[in-house]
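Dear colleague,

Please find the structure we discussed below, handed over for your use.

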There are 2 protein chains.
Amino acid sequence: MAASLRQLRAYALLLQERNFTRAAAAMHLSQPAFSALIGGLEETLGVRLFDRSKRHVAPTVEGADFEPAARRVLTEFDSAIAGMHDRATLRRGRVSLALLPSLAAGWLPGVLARYRALYPGIAVDVADVLSEPCIERVMTMQADFALAAVRAETPELQAQVFCADDFHLVCRADHPLAKAPEPIRLRDLAAWPFIHLSRTSSVRQYLDAAFRPQAMDTVMEVDQLATVMGMVRAGLGISVVPALALFHFEQPEIATRPVRLPGLARRIYLVRRRDRSLSLAAQALHDMVLAERPVPVRSRRR
Amino acid sequence: MAASLRQLRAYALLLQERNFTRAAAAMHLSQPAFSALIGGLEETLGVRLFDRSKRHVAPTVEGADFEPAARRVLTEFDSAIAGMHDRATLRRGRVSLALLPSLAAGWLPGVLARYRALYPGIAVDVADVLSEPCIERVMTMQADFALAAVRAETPELQAQVFCADDFHLVCRADHPLAKAPEPIRLRDLAAWPFIHLSRTSSVRQYLDAAFRPQAMDTVMEVDQLATVMGMVRAGLGISVVPALALFHFEQPEIATRPVRLPGLARRIYLVRRRDRSLSLAAQALHDMVLAERPVPVRSRRR
DNA sequence: CGATCTTACGGGATTCGTAAACATA
DNA sequence: TATGTTTACGAATCCCGTAAGATCG
């Protein structure tokens with residue numbers, strides 16, 4: 001005969017009430033049914049837990065000594081259930097997201113503000129890294145899902161198009177290209193001093209595929225888009241950046257123009273593991289992220 | 001709908017088997033019944049704990065995170081039950097006994113040796129103190145029961161006769177009284193130098209009631225029976241001690257003779273609380289103590 | 001097609017509540 | 001006698017196992 005939690009609850013209740021009738025009422029049970037619970041527990045343990053010889057019920061030595069263990073079990077159980085219930089109702093949890101720095105700085109904050117307002121108990125872990133580390137984090141399960149510029153379709157990963165991201169010219173507002181007639185084509189840029197991003201960036205890889213490097217007038221190569229912005233604003237050169245990064249260049253001295261590109265526009269993919277389902281917290285963020293995809297940004301002519 | 005321990009066990013089993021059929025078998029349950037346990041747990045928690053889409057069952061993020069809490073609850077529960085079962089079967093426990101030093105040194109060791117052999121897991125706490133502190137310890141529940149020379153019948157305490165304890169003369173083997181004809185009466189001792197115990201001892205109180213103190217030839221007053229023995233052996237005087245303390249005087253140079261006393265013999269009482277039942281460990285010692293009451297010790301004439 | 005989980009349903013054990021018996025101060 | 005626990009018993013519930021259905025590789 002195995003003991004049950006119900007019996008432990010009856011025991012704990014009787015220990016504080018010291019009266020079968022009241023304890024039974026507290027458990028919404030008839031007194032005989034309650035008595036059977038206590039009796040059953042005593043039988044499975046092989047020990048009498050309460051003396052009910054006299055007017056008031058009193059625990060035996062064994063009955064008193066059992067209290068700490070019994071209460072520990074009950075509270076552990078309840079908190080375990082409550083903890084999972086909190087996760088079920090999104091009052092607790094954790095979600096980790098890996099995404100491109102441009103998305104992380106420009107588009108994500110608004111989404112996360114709404115997410116946190118809805119689910120203040122959920123901890124959010126953001127990794128703002130380039131596409132390759134994004135994918136790597138999903139692979140190693142450091143991130144629940146990622147927004148990256150790589151269509152990572154492997155046995156472990158699945159990818160879906162998240163949004164299209166076209167390229168834009170950035171230059172000083174007083175630069176000739178700032179007022180050149182539409183459409184601006186890639187070859188129109190080749191003559192001008194150019195600020196490149198590092199070779200690991202997806203923009204650069206796209207440009208390297210379109211041009212032979214030596215066909216361009218490369219002024220320098222930097223890692224951060226913010227640095228590109230500074231160089232352009234200083235008149236050191238022009239550059240081409242994805243629409244999602246244009247927020248860096250919303251400055252009076254800088255103009256941005258759409259560039260007509262051969263082939264398809266760059267795409268951002270939502271990448272997640274194929275085998276693992278998302279946690280509830282991750283699923284909620286996933287759904288919100290899809291519902292609030294970035295809207296195309298308009299370039300500005302100066 | 002409340003969660004049950006059974007569901008937690010099913011969960012823990014499925015987590016390590018990752019297969020409903022095997023886990024069900026391990027629980028001696030049909031697979032559908034097992035499935036219902038998991039389903040019920042998932043419903044009460046409001047979270048899907050396992051993905052069973054593909055060939056093998058895999059825990060969801062929530063399902064994996066639930067493991068530590070669930071296992072903790074299960075092990076706490078099992079150890080709580082096992083702990084009480086150990087106490088029920090006297091494999092564990094504690095008993096504390098208060099008794100007169102003479103009993104503690106002369107009679108108790110043999111009893112405790114048998115008790116410990118039967119119940120090696122039970123810790124025994126012995127207080128070898130005089131009658132008053134014995135009773136005090138039972139009152140304050142520092143001792144489960146006591147063997148003392150006081151019939152402590154109060155609303156809290158009940159006493160039963162444990163054994164009778166008659167008094168014996170102790171003197172040097174070459175003392176005239178060692179070979180005096182039976183019976184030796186108390187008045188036969190008045191003429192000889194006498195070693196008294198302190199006034200708190202029950203022997204002394206008995207003698208003070210029988211004689212006026214000034215009627216005796218008091219040599220000195222000591223606290224310990226072992227000291228009495230040393231004094232007597234040195235020929236400084238004679239004394240009277242309870243039969244239970246005679247083991248101190250089993251020495252070649254010392255003779256012991258029964259003394260015929262007016263009134264009843266001294267009695268040792270077993271004293272316990274009236275309201276509290278004894279713990280199982282205490283009850284076992286209680287029964288053994290009663291079964292092995294001291295047998296009357298024979299005095300020796302030299 | 002085979003392995004595996006879920007759904008459907010009848011039978012059996014457990015548990016409940018009412019009523020009566022029993023114990024104690 | 002009044003309060004409070006145990007016993008007795010019919011009824012509702014819950015849980016299990018068998019069998020059929022659904023799904024995925």
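In chain A, His168(A) stands opposite Pro258(A), a residue of strand 12 of that chain. Please bear in mind throughout that this is a predicted model.

The pairing between these two strands of chain A is antiparallel: strand 7 is joined to strand 12 (residues 254–260) by five bridges. Strand 7 of chain A also pairs with strand 11 (residues 239–242) of chain A, again in the antiparallel sense, over four bridges. Within strand 11 of chain A, Val240(A) is the residue that stands opposite Leu169(A).

How many of the six residues of strand 7 of chain A are buried? Five of them are, so this strand, which spans residues 167–172 of chain A, is largely enclosed by the rest of the structure.

Turning to chain B, His168(B) lies in strand 7 of that chain, residues 167–172. Its relative accessible area is 2%. Because buried means under 20% relative accessible area, His168(B) counts as buried. The side chain of His168(B) is also joined to that of Asp166(B) by a polar contact of 3.4 Å.

**The interface between chain A and chain B**

The two chains touch through 34 residues of chain B and 34 residues of chain A. Together, chain B and chain A bury about 3000 Å², and 64% of this area is on carbon and sulfur atoms.

Four salt bridges are counted between chain B and chain A. One of the salt bridges is formed by the side chains of Asp65(A) and Arg87(B), with an N to O distance of 2.5 Å. The count of residue pairs in polar contact between chain B and chain A, with both residues at pLDDT 80 or more, is eight.

Which elements of chain B give two or more residues to the side that touches chain A? They are helix 1 (5–17), helix 3 (31–45), helix 4 (61–65), helix 5 (67–88) and helix 11 (280–291) of chain B. Helix 5 of chain B provides the largest share of that side, with 11 residues. Sorted by class, the side of chain B that touches chain A consists of 18 nonpolar, seven polar and nine charged residues.

With kind regards

Note on methods
Residues are numbered from 1 along each chain as its sequence is written. Chains are lettered from A and ligands numbered from 1 in the order in which they are written. This is a predicted model: local features need pLDDT of at least 70, side-chain atom pairs count only at pLDDT 80 or more; totals for chains, interfaces and linings use all residues. Side-chain values use heavy atoms; hydrogens and water are left out. Contact means heavy atoms within 4.5 Å. Buried area is the accessible area (1.4 Å probe) that two parts lose on being put together, summed over both. A polar contact is a pair of N or O atoms within 3.5 Å; within protein, one must be able to donate a hydrogen and the other to accept it, and residues adjacent in sequence count only if both atoms are side-chain atoms. Ala, Val, Leu, Ile, Met, Phe, Trp, Tyr, Cys and Pro count as nonpolar, Asp, Glu, Lys and Arg as charged, and the others, Gly among them, as polar. Buried means under 20% relative accessible area, exposed over 50%, partly exposed in between (1.4 Å probe, protein chains only). Two strands pair if DSSP finds at least two bridges between them.
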